[in-house]
Every structure is written in C-alpha cells, then in structure tokens.
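Welcome! Please take a moment to look over the sequence and the 3D view before reading on.

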Amino acid sequence: MSGHKKFHDLTQKFTKSQKDIVEDKKARLRTEMALSELREALQMTQSQLGERLSVKQPAIARTEQRDDVSVSHLRSIIEAMGGELDLVARFPEGEVKINDFAGSQQHDER
C-alpha cells in the first residue's frame, strides 16, 4: 500500500502542542454528537431503535431531523439506546442537575 500510512504513524512526529490539539478535538467529538451520530456510534440502525421504542423507522428518522424534542421523548430515546439522560443547568456560580420533570411530564400528557 504505497502512499498509505497509519494515523498513528503520521502523528509520531507531532509536537506535544499538536498532540494536545488532537486530544482536545477527540474529547470534544466524544462529548458532542447529534442524536443520529450517537445511534450510529452505538452501531444501532433506525429500525432497531424503532423496535425498542415500538415505533416505525420513519418516526426515528423524523425525530433525528427535528431541532426540538421534548425532554421526556429524548429520555426515552437515550434509554432505548442503553443510556441515561442527565440534564444539567450551568451557571457562573456552578452546575445544578435537574431531576424533577413532573411539570414537563404533566404538560406532555395533555
């Protein structure tokens, strides 16, 4: 395979600063993903996720394209993928984990 090199071999000559930049980008990519990217990273198809949620594949496709999803719906999707959803509010004084969705769940049921 002339002309092809492993990424590891390419990064061997990177300076510490360059390696730090790569690590920062990798960490950001692991922590910031679109819902569809998360599903794909978990090697799950839209159909498989739909089966777990008792909906058809087109419903999953529509959800992944939406800009706005309710917290309860997002929680059910994340749980169907095998995860757990935490909602954290960040303020200059610190972070607060929001754990009471009673008001939003009542609103969703209407």
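Predicted model: local features only at pLDDT ≥ 70, side-chain atom pairs only at ≥ 80, totals over all residues.

Let us start with helix α4, which covers residues 46-53. Its buried residues are Gln-46, Leu-49 and Gly-50. Looking down the axis of α4, you would find these buried residues within an arc of 105°, so they line one face of the helix. On the face of α4 turned away from the buried side sit the exposed residues Glu-51 and Arg-52. Just after the helix, Ser-54 takes a positive phi of about 60°.

What do the buried residues of α4 pack against?

| Helix packed against the buried residues of α4 | Residues |
|---|---|
| α3 | 35-41 |
| α5 | 57-65 |
| α6 | 71-80 |

**How α4 meets α5**

The axes of α4 and α5 lie 8 Å apart, and the two helices pack at an angle of about 105°. That makes α4 roughly perpendicular to α5, because angles of 65 to 115 degrees count as such. On the α4 side, the contact is made by Gln-46, Ser-47, Leu-49, Gly-50 and Leu-53. Gln-57, Ile-60, Ala-61 and Glu-64 contribute from α5.

**A closer look at Gln-46**

The side chain of Gln-46 makes a polar contact with the side chain of Glu-64, at 2.8 Å. Leaving aside neighbours within four places in sequence, Gln-46 is in contact with Arg-39, Gln-57, Ile-60, Ala-61 and Glu-64.

A hairpin of two residues connects β1 to β2. Within this pairing, Arg-90 has Glu-95 of β2 as its bridge partner.

Finally, Val-22 is found in helix α2, residues 16-31. With a relative accessibility of 22%, Val-22 counts as partly exposed. Val-22 and Thr-11 are eleven residues apart in sequence, and their C-alpha atoms are 9.4 Å apart in space.

Terms used
Residues numbered from 1 in each chain as written. Heavy atoms only, no water. Buried < 20%, exposed > 50% of the residue type's maximum accessible area, 1.4 Å probe, protein only. Helix = DSSP H or I, 4+ residues; strand = E, 2+ residues; numbered from the N terminus. Arc of directions from axis to C-beta. Contact = heavy atoms within 4.5 Å. Polar contact = N/O pair within 3.5 Å; in protein donor to acceptor, adjacent residues only side chain to side chain. Pairing = 2+ DSSP bridges. Axes fitted to C-alpha atoms, helices over the stretch in contact; angles between N-to-C directions. Parallel < 35°, antiparallel > 145°, perpendicular 65-115°, else oblique.
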